[in-house]
Amino acid sequence: MAAVLDATPFNFVAIVLCISIGAGLMGSLLGLGGGLILIPVLTLVLKVDIRYAVGASIVSVIATSSGAAAAYVRDGLANMRVAMFLELATVAGAVTGAMLAGVVSGRALYFLFGAVMAYSALAMLRKLREDGRPREEPPPDALADRLALHGSYYDVSTGGEVAYRVHRPLVGLGLMYVAGTVSGLLGIGSGALKVPAMDLAMGLPIKVSTATSNFMIGVTAAASAGIYFARGDIDPFIAGPVCVGVTLGAFAGSRYLTKLKSGSLRRLFVAVLLWVSYEMLSKGIHG
């Protein structure tokens, strides 16, 4: 058994299913894929080995993307051109990370996971100071213009159309390779890096970054899932209820993103990242 928990198989599956619904809901709202919440809970609370937790998380990421992405594309929140451009790097990074995961120790994974989350949280905290101010028009970018990466969406919370321009796409491409590598290594869907990269480096609104991340994470995770399966790191007893629960939660979360204010969404994002970072760094320090 991959998990060490004093519970019957039925109770274990029920607990994992309930946790996965919550993880899918949060994951779809924040563009994180659910793995950011699932891995700490599975490892710290249910005592699942981190490699099996990462394997289940890879499955949950694909489920989150499948459950939420269609709604975000329909509502015009997900920027398809940006997603397809950035996936060139994330897929390559995901394969790299999945291959590295077989040789990196579990304790090192905890440290890396916690450090990545802490960095993302600090970056988003800096962005919080700008909420409520008018968005500054980014400088013209020849590549973004040529690829027609700019877009707009209707914001239900404000009742108006929001137009935005994309800049520094090559910087975003480099960050996405790093995000893809972290995704393949940690099984988190890399939304914790994709959302800040699109929001901070490329100038996309937070809602567009979240929706686009939800679309992208499934493709990124699928690129590395086969390697995890071949290595035996995906346990159906854990991955099954995770997949069902996350899909239900992601579908529910996709209905609420457009109604949230951007500042509230960013604060929720930062709070989740800080909690996860603390828990995983503590686990790495204390073994």
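1. Of the 287 residues of the chain, 54% count as buried, where buried means under 20% relative accessible area, exposed means over 50%, and partly exposed lies in between (1.4 Å probe, protein chains only). The model is a predicted one, in which local features need pLDDT of at least 70 and side-chain atom pairs count only at pLDDT 80 or more, whereas totals for chains, interfaces and linings use all residues. Residues are numbered from 1 along each chain as its sequence is written, and side-chain values use heavy atoms, with hydrogens and water left out.

2. The secondary structure comprises eleven helices and two strands, taken as DSSP runs numbered from the N terminus (helices: H or I, at least four residues; strands: E, at least two). Read from the N terminus, the order of elements is α-α-α-α-α-α-β-β-α-α-α-α-α.

3. Among contacts in the chain with a separation of 6 or more, 84% are between residues 24 or more positions apart, a contact being heavy atoms within 4.5 Å. The chain exposes about 11900 Å², of which carbon and sulfur atoms supply 66%; accessible areas come from the Shrake-Rupley method with a 1.4 Å probe, and for residues only the protein chains shown count as cover.

4. An unreviewed UniProt entry gives the feature "transmembrane region" at several spans, including residues 85-102 and 213-230, although such annotations may be inferred rather than shown by experiment. In the model, residues 85-102 are 94% helix and 0% strand, with end C-alpha atoms 29 Å apart, while residues 213-230 are 100% helix and 0% strand, with end C-alpha atoms 26 Å apart.

5. Which residues does E87 contact, leaving aside its neighbours within four places in sequence? E87, which sits in helix 4 (residues 80-101) and is buried at 6% relative accessible area, is in contact with K194, M216, I217, V219 and T220.

6. The structure holds two salt bridges, each defined as a side-chain nitrogen of Lys or Arg within 4 Å of a carboxyl oxygen of Asp or Glu. In one of them, R165 pairs with D145, the closest N and O atoms being 2.8 Å apart; this pair links distant parts of the chain, with R165 in the loop between strand 2 (160-164) and helix 7 (169-186) and D145 in helix 6 (residues 142-147), 20 residues apart. R165 is partly exposed at 28%, and D145 is partly exposed at 36% relative accessibility.

7. D233 forms a salt bridge with R231, with 3.1 Å between the closest N and O atoms. Here D233 counts as buried at 11% relative accessibility, whereas R231 counts as partly exposed at 33%.
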